[in-house]
Amino acid sequence: MSPYKALAFGSYTEVKYHPFQEVDRQIGQLLEPEFRVDATEDYGRMNKDELADCKLVVSYTEFSEDKLCAAQSGALLAYVAGGGGLLVVHNGISLQRNQELGGMLGARFTHHPAYTALHMSVAAPEHPVMQGVSDFVIEDEPYYFEQHPYFETTVLLEYPHDGAMRQAAWCHEFGAGRVVYLMPGHHLPSFSSEPLRRMIRRGGLWAAGLL
């Protein structure tokens, strides 16, 4: 069987904090052989026709004040609601700049304290995304989020920071589709973490309905 098409969005040229170069290759390798990942920074490809051929969309998009145009955000919303899979890694939550996409993600990034060692605890060991993943330590940015009220999601991973347990990964259904968010992934060394690598692979498979 030929691999499914996955479309991965990130930034190569106008990069603030999180270059997609080499990270794209790591994600592509982790999703093989089930997926053939086509990585791009061209949001023009976020359209109905191109997404119709995809089994999975991956977001590693850079933070920006510029919103996606209504046609692009509407195409992604319709894609996921219609049964598509969305895997969002670290800064990919920047899709929240379009409030409708932020609603689909289930939480809003607010800020992050300094890069440090984070002690990750598995919060849902029975979930398919977390099979084979145990508690681990990773050096990364401790993102803080505001979970959307009245939005049901499954917290997969959490970590203690500044006196509170904080969400580090979650997943949920959105219409007929599925969304997975994974917080770690600040830079290329993050992707050497075996637990994170497993979560990216299994998160992509689950989002696409293959787990």
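Good morning, colleagues. The structure before you is a predicted model, in which local features need pLDDT of at least 70 and side-chain atom pairs count only at pLDDT 80 or more, while totals for chains, interfaces and linings use all residues. Residues are numbered from 1 along each chain as its sequence is written, and side-chain values use heavy atoms, with hydrogens and water left out.

I begin with two helices. Helices (H or I, at least four residues) and strands (E, at least two) are DSSP runs, numbered from the N terminus. Which residues of α1 meet α5? They are Q26, L30 and L31, and their counterparts in α5 are R197, I200, R201 and G204. By class, this contact of α1 with α5 comprises three nonpolar, two polar and two charged residues. Here Ala, Val, Leu, Ile, Met, Phe, Trp, Tyr, Cys and Pro count as nonpolar, Asp, Glu, Lys and Arg as charged, and the others, Gly among them, as polar.

As for geometry, α1 covers residues 23–31 and α5 covers residues 194–207; their axes come within 9 Å and cross at roughly 60 degrees. Axes are lines fitted to C-alpha atoms, for helices over the stretch in contact, and angles run from 0 to 180 degrees between N-to-C directions.

I turn now to the strands, where pairing requires that DSSP find at least two bridges between two strands. Strand β6 (residues 116–122) pairs with strand β7 (residues 136–140) in the antiparallel sense, over five bridges. Within β7, E139 stands opposite A117. Strand β6 also runs antiparallel to strand β9 (residues 154–161), to which two bridges join it. There, S121 has E158 of β9 as its bridge partner.

Finally, salt bridges. Side chains of opposite charge can pair when their charged atoms come close. The term denotes a side-chain nitrogen of Lys or Arg within 4 Å of a carboxyl oxygen of Asp or Glu, and the structure holds six salt bridges. In one of them, R201 meets E34 at 2.8 Å, N to O. Because R201 lies in helix α5 and E34 in the loop between α1 and β2 (35–40), this pair ties together parts that are 167 residues apart in sequence.

Are R45 and E50 buried or exposed? Both are buried, that is, under 20% relative accessible area, whereas exposed means over 50% and partly exposed in between (1.4 Å probe, protein chains only). R45 and E50 form a salt bridge at 2.7 Å, N to O. Salt bridges with shared partners join K5, D38, R45 and E50 into one network.

Notes: Contact means heavy atoms within 4.5 Å.
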